[in-house]
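Subject: Handover of a protein structure

Dear colleague,

Please find the structure below, with the sequence alongside. I would be grateful if you would read the notes that follow with both in view.

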Amino acid sequence: FGAIYASIKAVVQTDVPHLIAYAGVAFYSILWWHIASESNMVPAAIVYAGAVLLVTAGMLLAWDRVRVRYGNLDLNNIGGLAHPMPKFALCLALLVMAAVGLPPFGLFFGYVGLLLSSPTMSAGMIIILLTWFGLSWYLFKLMQRLLFGPHRADLRYDDLRPAEIAAIAIILVLLVLLSVVPHGWLGAEVNEVALSIVEIK
């Protein structure tokens with residue numbers, strides 16, 4: 001229900017921070033489904049949770065760089081940023097690629113690991129698959145509306161500075177590193193700590 005509700009709310013959003021926040025809820029609903037259905041947190045779930053956190057933080061950071069320049073405009077009032085702000089466009093595109101689960105980013109391996117840990121097809125898994133397709137669709141739609149189409153002639157465009165690019169690049173590097181982290185590092189101790197936190201909540 002959380003995944004469906006968040007996906008519906010995200011589809012109709014024109015406010016970018018709200019859209020990213022609802023996407024985060026849908027992402028974490030997939031994790032809660034895994035924990036509830038398996039009563040266990042496999043190493044892939046820890047990779048998935050970390051990757052979702054990084055992707056969400058990265059997209060919010062990228063949008064914040066637009067907000068500090070032009071204010072909190074909605075998707076109907078800003079677009080076509082790929083031509084006047086190519087560095088921002090590249091950073092956002094890579095973050096969206098990571099968010100929709102394309103390799104070599106860690107979210108892909110975490111998500112596939114969650115699915116493979118549930119060998120039987122169930123109604124919950126079908127909903128999770130549909131949620132993932134929905135996430136991919138409206139995050140691509142977000143990228144399309146921000147980066148392509150005509151840009152506003154009344155704005156003085158200012159592309160990302162080196163320090164801003166470096167902050168987003170660090171997030172992207174961490175997402176790649178999550179895809180190669182040995183699952184042996186995420187041993188039983190980490191699993192027990194994570195499950196105890198879930199039980200407390």
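In these notes, two residues are in contact when they have heavy atoms within 4.5 Å of each other. The model is predicted: local features need pLDDT of at least 70 and side-chain atom pairs count only at pLDDT 80 or more, while totals for chains, interfaces and linings use all residues. Residues are numbered from 1 along each chain as its sequence is written, and side-chain values use heavy atoms, with hydrogens and water left out.

Overall architecture

The protein has eight helices and zero strands. Helices (H or I, at least four residues) and strands (E, at least two) are DSSP runs, numbered from the N terminus. Of the 201 residues in the protein, 45% are buried, a term that stands for under 20% relative accessible area with a 1.4 Å probe, counting protein chains only. Among contacts between residues at least 6 apart in sequence, 80% join residues at least 24 apart.

The nonpolar core

A nonpolar core is a set of buried Ala, Val, Leu, Ile, Met, Phe, Trp, Tyr and Cys residues joined through side-chain atoms within 4.5 Å. The largest one here has 62 residues, and among those with the most contacts inside it are Phe-27, Tyr-48 and Phe-88. Elements giving two or more residues to this core include helix H1 (2–11), helix H2 (16–38), helix H4 (86–99) and helix H7 (162–178). The most comes from H3, which gives twelve residues.

Phe-88 deserves a look of its own. Leaving aside neighbours within four places in sequence, Phe-88 is in contact with Ala-62, Val-66, Leu-81, Leu-147, Asp-159 and Leu-160.

Two further residues

Which helix holds Leu-114? Leu-114 is found in helix H5, which covers residues 106–116. Leu-114 counts as buried because its relative accessibility is 0%. Not counting residues up to four places away in sequence, Leu-114 touches Ile-30, His-34, Val-42, Ala-44, Ala-45 and Tyr-48. Although Leu-114 and Tyr-48 are 66 residues apart along the chain, their C-alpha atoms are separated by 8.2 Å.

Thr-56 is found in helix H3. Its relative accessibility is 17%, so Thr-56 counts as buried. When neighbours within four places in sequence are left aside, Thr-56 is in contact with Ile-20 and Gly-24.

Yours sincerely,
A colleague

Key
Buried means under 20% relative accessible area, exposed over 50%, partly exposed in between (1.4 Å probe, protein chains only).
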